[in-house]
Amino acid sequence: MIERSLKPANRPAVVVAMVLFSVAAVTYWDASRMTARATYGMDANAAAYFICLFLAVLGIGHLFAAFQALPIEAEDADWKAIGWIAVALSGLIGSIWLGAGFTLGSALLFAFTARAFGRKALIVDLVIGIVMGLVVFLLFNKLLSLALPQGPFERLF
Amino acid sequence: MDAINLLIEGFSLAIQPANLIFAAIGVFIGTAVGVLPGIGPALTVALLLPVTFKLDPGGSIIMFAGIYYGGMYGGSTTAILLNTPGESAAVVTALEGNKMARSGRGGPALATAAIGSFVAALVATFALAFLAPPLVKVAVKFAPWDYFGLMLIAFVTVSATFGSSPLRGLTSLAFGLWLGLMGLDQLTGQARLTFGVPQLLDGVEVTTLAVGLFAIGEALHVASRHLYKPEKPIPVKGSIWMTGEDWSRSWKAWLRGTVVGFPIGALPAGGAEIPTFLSYTMEKKLSRKPEEFGSGAIEGVAGPEAANNASAAGTLVPLLTLGLPTSATAAVMLAGFQQYNIQPGPLLFTQHADLVWGLVASLFIANVMLLVLNLPLVGLWVKLLRIPLPWLYGGILVFASMGTIAANPSVVELLLLSAFGVVGFLMRRYDYPVAPAVVGLILGPLADNALRRSVQMSLGDPMVFLEHPSSAIMIAVATIALIAPFVFKGLSRFQQDED
């Protein structure tokens with residue numbers, strides 16, 4: 001006998017189904033507002049409607065899977081570590097946003113990521129991050145002439 | 001022979017000193033990055049793309065060839081010494097290779113992997129050189145509907161046929177296709193799914209998606225559970241050279257692996273997992289010492305490693321002749337080509353013949369360089385494996401985000417990168433394959449174009465796909481490939497009940 005009830009472990013499949021339905025809805029809404037028309041055949045929104053349908057079918061598939069298939073097993077996660085990486089990425093994004101430059105951003109990114117993986121020596125890691133960021137900056141901006149974002153610190157070079 | 005003349009011309013381009021240096025740098029940094037745990041060839045190529053931005057197309061594509069082969073080789077080193085395969089195709093290498101390393105035979109395991117890769121890539125690159133011209137002759141006659149059929153096959157095989165569950169593979173593909181919608185439509189200029197954000201008008205960069213899913217996603221995934229599973233590389237003790245017995249057990253496995261790997265890679269049949277597993281089971285059956293399998297049998301490294309490399313070279317056949325990427329690595333390579341406004345496909349062979357043959361010749365050269373550089377440098381690669389995880393992942397994230405802002409200096413791009421990282425993490429956590437999303441993003445818009453061009457040419461008649469036998473057959477193949485796993489799934493469930 002297969003027990004047809006929603007087990008807690010099957011919740012991810014239901015969540016995925018809900019996400020798929022909402023993305024399909026957004027896609028449908030976006031496609032319905034498209035105005036460009038092709039002379040012959042299909043318009044630009046044909047593919048959008050198709051993908052919308054595809055997403056909806058997959059959503060239904062996930063709903064079925066949630067009640068039938070074996071639950072998707074997930075290991076315990078260390079959410080604190082995830083949080084530190086989020087801080088690390090926000091550090092980079094923030095420093096680019098505020099025009100503080102690539103070196104500071106990458107130093108924050110490096111040090112907080114290292115923190116996520118269990119390092120406690122934040123100051124040392126920040127220094128390593130600054131040196132690394134600077135080397136990368138000089139290499140790319142001077143040698144390969146790519147434009148990494150500059151802040152007050154980078155303009156000294 | 002036509003191909004030989006063209007190849008000789010290619011070599012005359014590739015052996016120019018500057019290009020040789022590009023190839024050497026590519027091989028070196030490709031291996032160095034590929035060796036790092038958790039970084040497979042696709043991510044290696046994506047991370048190192050910005051390095052080649054400002055070179056001339058010839059030089060950068062040659063460097064690319066080196067990075068590609070270097071990344072492949074580096075991945076097998078990690079699999080053998082650390083038991084963390086950077087990609088699914090290296091899983092089998094880790095199986096026996098890691099056991100060999102644990103019993104003090106890490107040297108011969110690395111050697112048979114390196115020489116096997118060399119032999120396989122050599123044979124497969126020759127096959128590519130001879131197979132490509134006739135294929136191009138066929139491919140130039142392809143109409144949009146044929147391309148559409150071909151892409152359907154690629155979609156299905158990449159996502160549905162071989163993954164752990166077709167539903168998850170297709171969901172990953174749908175995510176990529178959905179992202180492919182974003183931006184200005186190429187045919188009408190209609191903005192799709194841009195939500196009024198001007199930075200989205202250009203669409204989503206394949207490299208941003210690949211780096212987000214692979215690098216940031218992997219970092220989050222490892223961070224979320226690193227406390228429970230610390231890993232250390234196994235030191236390489238004793239001779240790195242293979243004994244006479246090792247040679248006699250390896251060489252047939254290399255050749256068999258190549259024969260299995262190349263055709264599967266060359267058909268748009270997706271994935272190097274199949275040939276590596278096939279080769280593994282084949283070697284196990286044919287081995288003189290089958291009892292060693294499971295505790296470190298050298299054939300179990302030699303065969304799958306050759307199969308992996310042969311199939312990787314095989315994926316270059318559809319990529320170069322049809323512009324059809326059938327693996328995540330190939331998708332990232334295609335994105336790299338597009339950066340120089342080079343569109344792989346049959347026209348590439350007529351418009352940029354020198355480039356294509358220079359690339360093929362560089363693959364040979366990169367292959368030789370790998371063999372010469374890597375065995376003596378094993379010590380260096382092992383040192384790279386010792387970088388503490390916190391610094392390693394800190395460095396990976398810095399390089400990942402650097403590549404993204406170097407290509408497109410905007411906060412929106414970084415936010416996209418982070419968002420893809422979160423999605424990549426969740427996909428890993430709940431066992432969704434990542435590669436179909438990357439392939440979907442790059443092939444989606446191409447399939448959309450092919451579809452609408454076909455319907456335009458038929459003046460709006462959708463039957464155009466079924467009226468031409470070639471496209472009708474391809475659509476039928478795609479449909480069968482889509483439905484087959486669901487049928488087999490029922491069968492396998494039935495078999496499970498019997499056990």
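## Report on chains A and B of a predicted model

Buried residues, meaning those with 20 or more other C-beta atoms within 10 Å of their own, make up 38% of the 157 residues in chain A. This is a predicted model, in which local features need pLDDT of at least 70, side-chain atom pairs count only at pLDDT 80 or more, and totals for chains, interfaces and linings use all residues. Residues are numbered from 1 along each chain as its sequence is written, while chains are lettered from A and ligands numbered from 1 in the order in which they are written.

Chain A contains five helices and zero strands, where helices (H or I, at least four residues) and strands (E, at least two) are DSSP runs numbered from the N terminus. Its pattern along the sequence is α-α-α-α-α. Two residues are in contact if their C-beta atoms, placed from the backbone, lie within 7 Å. Of the contacts in chain A between residues at least 6 apart in sequence, 59% join residues at least 24 apart.

In chain B, the axes of helix α1 (residues 2-14) and helix α15 (residues 353-374) come within 7 Å and cross at roughly 75°; axes are lines fitted to C-alpha atoms, for helices over the stretch in contact, and angles run from 0 to 180 degrees between N-to-C directions. The helices α1(B) and α15(B) are therefore roughly perpendicular to each other, a term that covers 65 to 115 degrees. Residues of α1(B) in this contact include B:L6, B:F11 and B:L13, and those of α15(B) include B:W357, B:V360 and B:I365.

Two residues of chain B other than glycine have a positive phi, as tabulated here.

| Residue | Phi | Loop in chain B | C-beta atoms within 10 Å |
|---|---|---|---|
| B:D431 | about 65° | between α18 (411-429) and α19 (435-457) | 14, partly exposed |

Partly exposed residues lie between the buried limit and the exposed limit of 12 or fewer such atoms. Most residues other than glycine have a negative phi.

The contact between the chains takes 52 residues from chain B and 54 residues from chain A. On the side of chain B that touches chain A, α8 (166-181), α9, α17 (389-407), α18 and α19 each supply at least two residues. The largest share of that side, twelve residues, comes from α17(B). By class, the side of chain B that touches chain A has 32 nonpolar, twelve polar and eight charged residues. Here Ala, Val, Leu, Ile, Met, Phe, Trp, Tyr, Cys and Pro count as nonpolar, Asp, Glu, Lys and Arg as charged, and the others, Gly among them, as polar.

Notes:
Angles under 35 degrees count as roughly parallel, over 145 as roughly antiparallel, 65 to 115 as roughly perpendicular and the rest as oblique.
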